[in-house]
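This report describes one protein chain, moving from single residues to the overall fold. Please keep the sequence and the structure in view while reading.

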Amino acid sequence: VFALGMPGLHAGEVPEGKLHLIASDGHARYATHGYSEAIAVDSSKLYFAYMSGGEKFESKAWSYDLKDFTMTGPVDLDGRNADPHNYPNLTLDRLGRLHVVYGCHSNPMYYRHLKKASDISSWTPVRELMTNATYPRIFTRENGNLVVFYRDLSDGNHYGYIESTDNGATWSPFRALLRGGEGWTSVAYVGGVLVKGDDIHIAWS
């Protein structure tokens with residue numbers, strides 16, 4: 001069962017209409033994961049994305065109104081996921097628009113963002129940001145720039161990032177931070193990324 005409810009409540013204490021069942025078909029859903037940041041919140045809404053269960057692993061998004069406890073969704077982001085490693089990742093920009101990257105596990109990384117703040121029914125067309133990527137995570141920096149950290153396999157096995165200074169309209173070339181060698185045993189498995197001001201903190205094994 002995958003559900004969203006009010007915090008601080010225990011079994012039997014959930015008011016009617018305040019617990020929202022999203023799925024109960026026995027397939028796993030992941031709103032967060034070690035390689036995923038799939039929850040974002042502003043002053044009025046909580047947003048989250050996940051992969052559906054079964055064989056398709058489609059990326060879906062919901063919004064949850066923090067004032068009246070109503071749900072909007074699911075919105076199908078796209079069906080271009082090949083396996084259960086393609087976790088969707090979210091961030092909010094300074095305009096209040098949601099940005100999402102998803103769909104890649106040694107294959108193309110896809111990207112979309114909301115056309116209007118708070119409206120998850122209206123998305124930009126799907127764009128392919130990179131051709132061969134794995135485990136992307138998208139962040140909004142303090143200066144408003146968007147950054148996507150990921151493992152790039154287009155020319156080796158390197159971990160780094162791309163950056164946008166214009167709210168996702170254009171992106172920089174890939175900038176490698178950790179360079180891997182040949183074979184999976186020499187690939188960096190990044191467990192955490194923290195962006196603080198001009199500093200980037202990364203933990204990996």
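F69 is located in the loop that joins β7 and β8; strands, like helices, are DSSP runs numbered from the N terminus (strands are E, at least two residues; helices are H or I, at least four). Although F69 is not a glycine, its phi is positive, about 60°. With a relative accessible area of 22%, F69 is partly exposed. Here buried means under 20% relative accessible area, exposed means over 50%, and partly exposed lies in between (1.4 Å probe, protein chains only).

S118, in the loop between β11 and β12 (127-140), is also not a glycine and has a positive phi of about 75°. Its relative accessibility is 24%, so S118 counts as partly exposed. Most residues other than glycine have a negative phi, and most peptide bonds are trans. The peptide bond from G73 to P74 is cis, with omega near 5°, and P74 belongs to strand β8 (residues 71-78).

## Basis and confidence of the model

The model is predicted: local features need pLDDT of at least 70 and side-chain atom pairs count only at pLDDT 80 or more, while totals for chains, interfaces and linings use all residues. Residues are numbered from 1 along each chain as its sequence is written, and side-chain values use heavy atoms, with hydrogens and water left out.

The term pLDDT denotes the predictor's confidence in each residue, on a scale from 0 to 100. For this chain the mean pLDDT is 79, and 75% of the residues reach 70 or more. Residues 5-15 have pLDDT under 50 throughout, and the model gives this stretch ten contacts beyond four places in sequence; a contact means heavy atoms within 4.5 Å. Residues 24-28 also have pLDDT below 50, with five contacts in the model beyond near neighbours in sequence. Where pLDDT is low, the predicted coordinates should not be read in detail.

## The chain as a whole

The chain contains zero helices and 17 strands. Of its 205 residues, 48% are buried. Among contacts between residues at least 6 apart in sequence, 40% join residues at least 24 apart.

## The seven-stranded sheet

Seven strands form an open sheet in the order β9-β10-β11-β12-β13-β14-β15, and their pairing is antiparallel. Two strands pair if DSSP finds at least two bridges between them. The edges are β9 (89-92) and β15 (175-179), each of which pairs on one side only. From one strand to the next, the twist averages 30°; axes are lines fitted to C-alpha atoms, for helices over the stretch in contact, and angles run from 0 to 180 degrees between N-to-C directions.

Within this sheet, β10 (residues 98-102) and β11 (residues 105-113) are joined in the antiparallel sense by four bridges. V100 faces R112 of β11 across this pairing. The loop between β9 and β10 contains R97, which is buried at a relative accessible area of 15%. Beyond neighbours within four places in sequence, the contacts of R97 include T91, L92, H113 and N167.

## The hairpin of β16 and β17

Six bridges connect β16 (residues 190-196) and β17 (residues 199-204) in the antiparallel sense. V195 stands opposite I200 in β17. Two residues lie between the strands of this hairpin, and G197 takes a positive phi near 60°.

The structure holds seven aromatic pairs. Rings of Phe, Tyr and Trp (its six-membered ring) pair if their centres lie within 6.5 Å; planes under 30 degrees apart count as stacked, over 60 as edge-to-face and the rest as tilted. F48 and Y50 are stacked because their ring centres are 6.3 Å apart and their planes meet at 25°. F48 also forms a stacked pair with W62, at 6.4 Å centre to centre and 0° between the planes.

Since F48 lies in strand β6 (residues 45-51) and W62 in strand β7 (residues 59-65), their pair ties together parts that are 14 residues apart in sequence. F48 is buried at 3% relative accessible area, Y50 is buried at 3%, and W62 is buried at 10%.
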